[in-house]
Amino acid sequence: MKISIVIPTYNHCDDLLKPCIDSIIKYTDLENVEVIVSANGCKDNTKEYVESLGEPFKLVWNKEAIGFSRATNAGIEAATGDYIILLNNDVILLDQVQDTWLKMLSEPFEDSTVGITGPIKGPSGPAGRDFIIFFCAMIKKELFDKIGLLDTIFGVGGGEDTDFSIKAEIAGYKTVQVPAEKTTVDSSFIVGGFPIYHKGEATVLDPNCVTGWGKIFKKNSHILAERYNHQWKLGNYCERAVIGKLDHVPPREHTRYSWARQNIVGTKILEIGCSSGYGFRYLHDIPNVDYLGIDKDQGVIDFAIEQFGDHFQVADINKFDFGQYDTIIAFEVLEHLPNGKEMAQELKKHCQCLLATVPYKEIKGLWGQHHCLHNLSERDFPGFEVCFVKEGGAISPTPDRFDGMNLLLMKWEKYKVYNEPKPTVTAVIPTKNRYFTTLPLAISSVINQTVKPDKLILIDDGEKIDLREVPIYSYLFQTLDRENIKWEVVFSNGKGVAHSHQLSVNKCETEWIWRLDDDCVATPNTLEKLLSSIYKGVGAVGGRVIDPKNASFSSLASNKIEDIYLGINEQWFDSRKATKEVDHLYSSFIYRKEAAVHGYCLELSSVGHREETIFTYEMKRKGWSILFNPDALTYHFRNPEGGIREKTDATLWEHDELMFTKKMVEWGVKPKEYKMVILDNGLGDHCAFKRILPDLIAKYKKENIILAVCYQELFAEEGIKTISIAEAQMMKGDLTEYNVYKWMWDRDWKTSLEEAFRGMYL
Amino acid sequence: MNIIISPYSRQLRNGNNNPKNYPYWQKLIKLLKACNHTIIQIGCKDEVVFEDVDEVKFNLSLKDLAVLLQECDTWIGVDNFFQHFASLYNKPGIVIFGKSNPDIFGYKTNTNILKDKANLRNKPFDIWEAEEFNKNVFPYAEEVLQIFKTR
């Protein structure tokens, strides 16, 4: 490995250059080393001195002073080594075993991605990045071929090393401090483990060499900031945090976007005052996210697009044509607007969920001159849930600073009621013969609610046991007493589900009724979440009612009445969506007693098939809103034993289905008909089926076809709704009738597999 | 010619050799190589790679498999998914059948080689786990080569 040491010098031969070169000779084996002195308009004895040294010392003579960068470049161009060490003339190697300094500089290059080493890697304020200081730096020669020589724009000097070091890192090279341990700063000295002394700025502070160094340094700092420091360039004197895709995110900014990530509903997101778009770092992986960030500043939007892609546009919030979004984010924006308080309420009209922050009780001037509103608190923003971000980034229900150093974190969701007194609620559990399986779990989950119901009624349609005599129930009843939840067991007449529910409507004296099956377990905040959605006009609210055995996601599920025969309900699946209006509800939900005057359909059989669909859809038809709030979660175990629908007589189900069909006609609902294809078999069978797909599309139209497949990628470009086999099983139960091999077997099939698929589906 | 070979049908749940797997691939590959053909073996990882194949492409995505299919001149396989896949791209090839019926599971656009109809299963739609492997139901490599040359 050949090394070229390049020393630019400008006068100071006797007091700087000679001691420097003496120390090189003393502590370096020069066999594979050349030393190039690039004399930069020297008027002293530099030329004679260097020429007197002989090999391996070489002189590059520049008659005039051409500046540090040019002089150094001239030395680099003359160098023949594989590695080049740039050394200032005001350094002296300190006492060491020979070549220690070269070994220290060289060792990191065993890693081929290292481009520069040096004794000090320190921060550049103007550039906002760390860099190797070139008073002593070893550089791989290939690096100059890739990114060029030192930039001569820096003239006399100062900043060229920062610039080169950053360019090397951008090109993918590492810059390494040797030794790696941090140097310690002692007054104006940096004391480290590298055996070198650097006087520092010996030439530039010599008025005989350089005049106006302060101005030069300032000008060069400006160049660096323009090139590399987007916070300096775009931050507009602390008005905004300008953070790029690789930059560290400060704690408060990190906290508020992490909080946003957890609280966002839906996928269509608008961020107002998005600055450099770094919030998108926290939101980009939301499935199917449709994000738009707006900011008034063209520069910061250009930067955002460069960093995070085409998700941003320049816009003035007061002139912006909003439209509708699932979530709007407005972090530290409202205080910049004279109408910020009104804007907070206005934004609610354009979204399902609004997430906003403002500095809490900020003293005027604390955060610069840009704020129009000061001393903001929760009183200025009615109709929000609030909490606080402390200075270090922690979220707290209460503030600990009242001077603008805390952030007020605000969340609003449509269909949530803020600051209303809790309505009265009766929990109702119709039950039959599940006394010793799931019923105790259901009761226990009622007791453990974060918001307790006022009363629990058990409607016993089964054996009518006196549960007070049963130990487990005596414990449960004692606990209900202790929790101040009244309770009552009512024996019903054995007429089944619809009659039991109707009985509960007649008996309940509360404003709301919470119906729960006897094989359900409501998670602790279920009632709290459901009640959070009961604004005026809402008749019923249901949450997720999930069978833990089943798939957790469905792209098909629907609570529209015309999709009822899909047999797949949104409440059965996890969802990130906001509370929304639906046509009907399933199983467990709360409903307003006042909205139940139409009553349950008592013409249904005792199994009460589709009783809740009829009950809630008729409620909707009477003008009440029916809501699905996915935040509320109840587990439904579908206990195969017992239960109020416990009847094996298929004719009861058929009777109820017929009743329901008549209701659909009465309501004027035309159910959507889907052509369901289920390919629960091998890839070859999928391919064979795909041959008939054009004919299937011609017959049924793409939008009416549902493909349940094992290999979705085979149909990815067809524009047809595909679902998993697990989803198909939820919809159809037994899939045997969709097995093409059984179909062929039953028919003693003699022609092709493709023809069999035609026979099945066309 | 560039020839794709798709030598294996899916692994059976009981671990037995799938009765649809052709037993004379190694010989057939040597014969094809002697005719200066380039052989590309496709399949799944952990399947046995035959000697003398020029390239092995396992676990390709369907997209990559389609590209490969379009780039090759023809293909030879057993009664497995690949004949169905190739039919989607109208690329004819040779399928070596043993006990399964080409009238049901094959395509007329391909050259379907069946040694003897008498070997066909009585219950053509039963699971393959219920079937024994029998190499005698397949044609020899020389016969397959002869058909390959004359098609």
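Predicted model: local features only at pLDDT ≥ 70, side-chain atom pairs only at ≥ 80, totals over all residues.
Okay, let's start with chain B. It has five helices and six strands, and if you read from the N terminus the order goes β-α-β-β-α-β-α-β-α-β-α. Of its 151 residues, 48% are buried. And if you take the contacts in chain B between residues at least 6 apart in sequence, 52% of them join residues at least 24 apart.

Now, how does chain B sit against chain A? The contact involves 18 residues from chain A and 14 residues from chain B. The buried area comes to about 1,400 Å², and carbon and sulfur atoms supply 75% of that. On the chain B side, the residues that lose the most area to chain A are B:Leu62, B:Leu88 and B:Phe125, which together make up 41% of what that side buries.

What about charges across the interface? The rule finds one salt bridge there. That salt bridge is between A:Glu717 and B:Lys63, with the closest N and O atoms 3.9 Å apart. Which elements of chain B give two or more residues to the side that touches chain A? Those are α2 (62-71), α3 (81-88) and α4 (102-105) of chain B. The most comes from α3(B), with five residues. By class, that side of chain B has eight nonpolar, two polar and four charged residues.

Seen from chain A, one residue I'd like you to look at is A:Gly684. This glycine lies in helix α19 (residues 683-690) of chain A. Setting aside neighbours within four places in sequence, A:Gly684 is in contact with B:Phe81 and B:His84. And is A:Gly684 buried or exposed? It counts as buried because its relative accessible area is 7%, and the cut-off for buried is under 20%.

A reminder before the exceptions: most residues other than glycine have a negative phi, and most peptide bonds are trans. One joins A:Glu55 and A:Pro56, with omega about 0 degrees; A:Pro56 is in the loop between α2 (46-53) and β3 (57-62) of chain A. Another runs from A:Val178 to A:Pro179, with omega near -10 degrees, and A:Pro179 is in the loop between β10 (174-177) and β11 (184-186) of chain A.

Then the positive phi values. A:Lys361 isn't a glycine, yet its phi is about 50 degrees. This lysine is in the loop between β18 (351-359) and β19 (385-389) of chain A, and at 27% relative accessibility A:Lys361 is partly exposed. A:Lys701 also has a positive phi, near 75 degrees, and lies in the loop between α20 (693-700) and β32 (705-709) of chain A.

While we're in loops, have a look at A:Asn11, between β1 (3-9) and α1 (13-27) of chain A. A:Asn11 is buried at 15% relative accessible area, and its side chain reaches the backbone nitrogen of A:Lys43 at 2.7 Å.

Strands β7 (residues 121-124) and β8 (residues 129-132) of chain A pair antiparallel over four bridges, with A:Pro123 opposite A:Asp130. Four residues come between the strands, and A:Gly128 has a positive phi near 70 degrees.

A:Arg129 is partly exposed at 29%, and A:Glu169 is partly exposed at 25%.

Another is A:Lys2 with A:Glu34, at 3.9 Å between the closest N and O atoms. A:Lys2 is in the segment before β1 and A:Glu34 in strand β2 (residues 33-40) of chain A, so this pair ties together parts 32 residues apart in sequence. A:Lys2 is partly exposed at 32%, whereas A:Glu34 is buried at 2%.

Last stop: A:Arg691, A:Asp695, A:Glu754, A:Glu755 and A:Arg758 are linked in a network of salt bridges.

Conventions
Residues numbered from 1 in each chain as written. Chains lettered and ligands numbered in written order. Heavy atoms only, no water. Pairing = 2+ DSSP bridges. Contact = heavy atoms within 4.5 Å. Buried area = accessible area lost by both parts, 1.4 Å probe. Salt bridge = Lys/Arg side-chain N within 4 Å of Asp/Glu carboxyl O. Nonpolar A, V, L, I, M, F, W, Y, C, P; charged D, E, K, R; others polar. Buried < 20%, exposed > 50% of the residue type's maximum accessible area, 1.4 Å probe, protein only. Polar contact = N/O pair within 3.5 Å; in protein donor to acceptor, adjacent residues only side chain to side chain.
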